[in-house]
Amino acid sequence: MSTDPQCPVCGCTHTYPDGSLWICPECGHEWNPATAGAEETDGPVEIRDANGNVLADGDSVTVTRDLKIKGASSVIKGGTKVRGIRLVDGTDGHNIACKIAGVGAINLKSEFVRKA
């Protein structure tokens, strides 16, 4: 009997070792069995503000500094209060979706806001 681990992604039994990693030839997934359990989390990812407070959907936040808006000549001033944020799995670290009066719908990085 083979004691090779199964692929955690597709369940393939034809995995092979490559150094400290195991590789699945069917899906191409690479993993280290020693740290495989530490990577997988079933709970949601916590998004924290500039002060380290955990943010949630519907929170109100305050912008900590002036933010230039790409493709526009306007600026979001530091101290602007944003109500009813929505947490998203955004690209480039933009993990807050919101609407700002005078600007419209925009995505922000959580490192530039603090919980109000």
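**Reading a predicted fold**

Student: What is the relative accessible area of Ala56?

Tutor: Ala56 has a relative accessible area of 35%, so it is partly exposed. The scale is simple: buried is under 20% relative accessible area, exposed is over 50%, and partly exposed is in between, with a 1.4 Å probe and protein chains only. Residues are numbered from 1 along each chain as its sequence is written, and side-chain values use heavy atoms, with hydrogens and water left out.

Student: Where in the chain is Ala56, and which residues does it touch?

Tutor: Elements come from DSSP runs, numbered from the N terminus: helices are H or I, at least four residues, and strands are E, at least two. Ala56 sits in the loop between α1 (36-39) and β4 (61-63). Contact means heavy atoms within 4.5 Å. Not counting residues up to four places away in sequence, Ala56 touches Ile85 and Leu87.

Student: Asp59 is in the loop between α1 and β4. Is Asp59 buried or exposed?

Tutor: Asp59 counts as buried, because its relative accessibility is 16%. Beyond four places in sequence, Asp59 touches Val54, Val82, Arg83, Gly84, Ile85 and Lys115.

Student: How many residues does the largest nonpolar core have?

Tutor: A nonpolar core is a set of buried Ala, Val, Leu, Ile, Met, Phe, Trp, Tyr and Cys residues joined through side-chain atoms within 4.5 Å. The largest here has 16 residues, and Ile76 and Leu108 have the most contacts inside it. β4, β9 (94-100) and β10 each supply at least two residues of this core. β9 gives the most, with three. Apart from it lies another core, of five residues, including Cys7, Cys12, Trp22 and Trp31.

Student: What is the volume of the largest pocket?

Tutor: Rolling a probe the size of a water molecule over the atoms shows where empty space is left. On a 1 Å grid over the protein atoms alone, using a 1.4 Å probe, a pocket is an open set of points with protein on both sides within 12 Å along at least five of seven lines; lining residues have an atom within 4 Å of a point. Points are joined across faces, edges and corners, and the volume is the space filled by probe spheres set on them. The largest pocket comes to about 350 Å³. β5 (67-68) and β10 (104-109) are the elements that give two or more residues to its lining. β10 gives the most, with four.

Student: Which residues lie nearest the centre of the largest pocket?

Tutor: Of the 14 lining residues, Lys68, Ile69, Lys70, His94 and Asn107 lie nearest its centre.

Key. This is a predicted model: local features need pLDDT of at least 70, side-chain atom pairs count only at pLDDT 80 or more; totals for chains, interfaces and linings use all residues.
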